[in-house]
Structures are given as C-alpha cells and as structure tokens.
Amino acid sequence: MNVRTFVIRAALAGLLAAPLVPASALIDGTSWAASEVKVVVNSTPITSYAIRQRTAFLRLRHVSGNLEAAAEKELIDEALKKQEMRRRGITVPDATVDQAFAKFASDNKLTQSQLGQVLSQAGFSADAFKDYIRVQIGWGEAVRLHVRSEEQVSERDAVQRMLAQGGQKPSTTEYTLQQVIFVVPESERGTIPRRMQEANALRNRFTNCQSTYDFAKGLRDVTVRELGRIAQPELPSLWKDAIIDTPVGKATPPKQTDRGVEFIAVCDTRTVSDDHIAAMVYEQQDLEALGKQEPAEQFLKELRDKAQIVKK
C-alpha cells in the first residue's frame, strides 16, 4: 500500500464504514442563519455557521462526545490541509470526487440523490460533502509529496545501502505504456456511459500498441499518447495497481477522468537495475514503511505548530 492510499483510507475509513443516522433524528430546530467568525487559521476564517454544519455532519457519522469542539478542530485541520494543497498546487479531479461520492451512497444503500437529501435535511449538503472528500484525497497527495521530499534517497545513498547489503543491486520493472483517451468535453458529460462502452470495446480488441492507431482512426475524439518507459516506483498512483496487474499486450480497465474516459495499454516490460533505479526502489520501500506509521498525523501536527490559529 502506498502512502497516498494509506492516508485516504485512514481519513475515510470510519466515515465509509458506518451507516448514516436518519436525517429526521438530527433536526433540532437550531437557527442556521446567524453566523460569526469563531476561529481564524492563517487568515482563513471559520464561522459559527460552518461549525454548526460540521457538528451535524459529525452526528451523521456517529461521532460522540463534545461535537461542537470536535467540529471546530476538524475545520481547523481542514483549513490547514487546504492551505497546504494550494501551496503545493494540488487539485483533485471532479471525476475522482464524484466516484467516491457514488461509492459512499452505494455503501449506504442510497442513490446519489437520496444521499444528497439526507445530507441536506441534516444541515449539511452534497456539495459540502464532496468538498470534504476532495480535501481528504488532496491531503493524501500532499502527505505523499512531503514524505517523498523528506525521505528522498540519492544515488550515493543507494550505493552505500547496496554495499551494506553485500553489493546486491535491487531491480524493478520498467513499463512501456500508451494512453488512450476518449475525450468528453465538460458540456457533454452525459455521454460518459456511451464513451465507457466504446473504450471497453476498443480495449477488448487491443492486442498490441502498434495497432491502437488503426483502431482509433474510426472513432470520434480519441487521442492516443505514447507515455514511453516508466519504472514501477514512478507509476502514477491512480493507475499503478491496474498497470501492474495488466500483462503485456493488454490494457487496464477504463476509468472516468476529467478528460473523459481513459485506459492505459502495456506495450512492453523489462527488468532494469542501475544506481538510479536502486535509489527509486529504496525510496519506495522507505515510503511504504512510513505509510504504516501514519505520517499524515505527524505532518498535520507540524502544520498546526507553525500556524497562527486565533480563536475569537
């Protein structure tokens, strides 16, 4: 499990595991109109209205105890996470958020519309919940980048580790990849199911990367990109597991993305081993080890310690 996956699972595990409390049990007649700034986090205000909303959301998630204090703390942490995401230029595609929202609805035996109604009646909203999901996913990426920068292994370090282990040089798989995109403009997102069918049809016909262009010629708005050679530790987290599970001459299952519908074709693989690869392999091992130690909470504590948090 990579660090990003670990962080996302840790952040959403309790939320995805528990059934929702019925919204009717949450309405207490509290006025939601009045609002004032209660906390400022590095110039980001947190209002009493936001705290009331988050309190209702915590109750919906079966959280017990002092919910107002827990809501305030969670919002402070989210403000810090959002600020770090902006600093690192991290954006989370709407398609990724929508898929997580749909999964949560399904896990609670609700349609997406029904989930939106439950959230709204409880004093929250579908859009607010999607923003919550977006922060958890983006925060996972921020932690991954932070840990990678802190634990980066140089080629010199890799050589020293190899010598300490008897001179044995680690190896990894290098993939030659091709990306196939069934482009869907934002204004035509309703065509996603049809484009998904087209992508699956092309994937089923796929036999090698040389033939992709011939197959794609007869299809509308299909882009084929040569991604070149990518070592396993550098595979994008969104596709990594699927690529590893896909044999040469086959393609990954299609995914919905901000660009439309995509899949990755595995053109070729080879085993590689040199000082640069060794550094990447050791770095991946270190990241996986850190993933088991919950690096997210430590990083968040560092951000809290540096932050200017003013309670009104």
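Mentor: Lys81 lies in helix α3, where helices (H or I, at least four residues) and strands (E, at least two) are DSSP runs, numbered from the N terminus. At 11% relative accessibility, Lys81 counts as buried; buried means under 20% relative accessible area, exposed over 50%, and partly exposed in between, with a 1.4 Å probe and protein chains only. This is a predicted model, in which local features need pLDDT of at least 70 and side-chain atom pairs count only at pLDDT 80 or more, while totals for chains, interfaces and linings use all residues. Residues are numbered from 1 along each chain as its sequence is written, and side-chain values use heavy atoms, with hydrogens and water left out.

Leaving out residues up to four places away in sequence, Lys81 touches Val135, Gln136, Trp139 and Leu300, where contact means heavy atoms within 4.5 Å.

In soluble globular proteins, nonpolar side chains tend to be buried together.

Apart from neighbours within four places in sequence, Val41 is in contact with Ile46, Ile76, Ala79, Leu80, Gln83, Gln308 and Ile309.

Back at α3, the packing against α2 can be described by its geometry. The two helices, α2 and α3, pack at an angle of about 110 degrees, with their axes 8 Å apart; axes are lines fitted to C-alpha atoms, for helices over the stretch in contact, and angles run from 0 to 180 degrees between N-to-C directions. That makes α2 roughly perpendicular to α3, because angles of 65 to 115 degrees count as roughly perpendicular, under 35 as roughly parallel, over 145 as roughly antiparallel and the rest as oblique. On the α2 side the contact involves Ala50, Ile51, Arg54, Thr55, Leu58 and Arg59, and on the α3 side Leu67, Glu68, Ala70, Ala71, Glu72, Glu74, Leu75 and Glu78. By class, the residues of this contact divide into seven nonpolar, one polar and six charged. Here Ala, Val, Leu, Ile, Met, Phe, Trp, Tyr, Cys and Pro count as nonpolar, Asp, Glu, Lys and Arg as charged, and the others, Gly among them, as polar.

The contact of α4 with α5 can be set beside that one. Helix α4 (residues 94-107) and helix α5 (residues 112-121) pack at an angle of about 85 degrees, and their axes are 9 Å apart. That makes α4 roughly perpendicular to α5. Phe101, Ala102, Phe104 and Ala105 of α4 make the contact with Gln112, Leu115 and Leu119 of α5. Its residues are six nonpolar, one polar and no charged.

Asn42 is found in the loop between β1 and β2 (44-47). This residue has a positive phi of about 50 degrees although it is not a glycine. With a relative accessible area of 31%, Asn42 is partly exposed.

For the chain as a whole, there are 12 helices and seven strands. Buried residues make up 44% of the 312 residues. Of the contacts with a separation of 6 or more, 75% are between residues 24 or more positions apart. The chain exposes about 16,400 Å², of which carbon and sulfur atoms supply 48%; accessible areas come from the Shrake-Rupley method with a 1.4 Å probe, and for residues only the protein chains shown count as cover.
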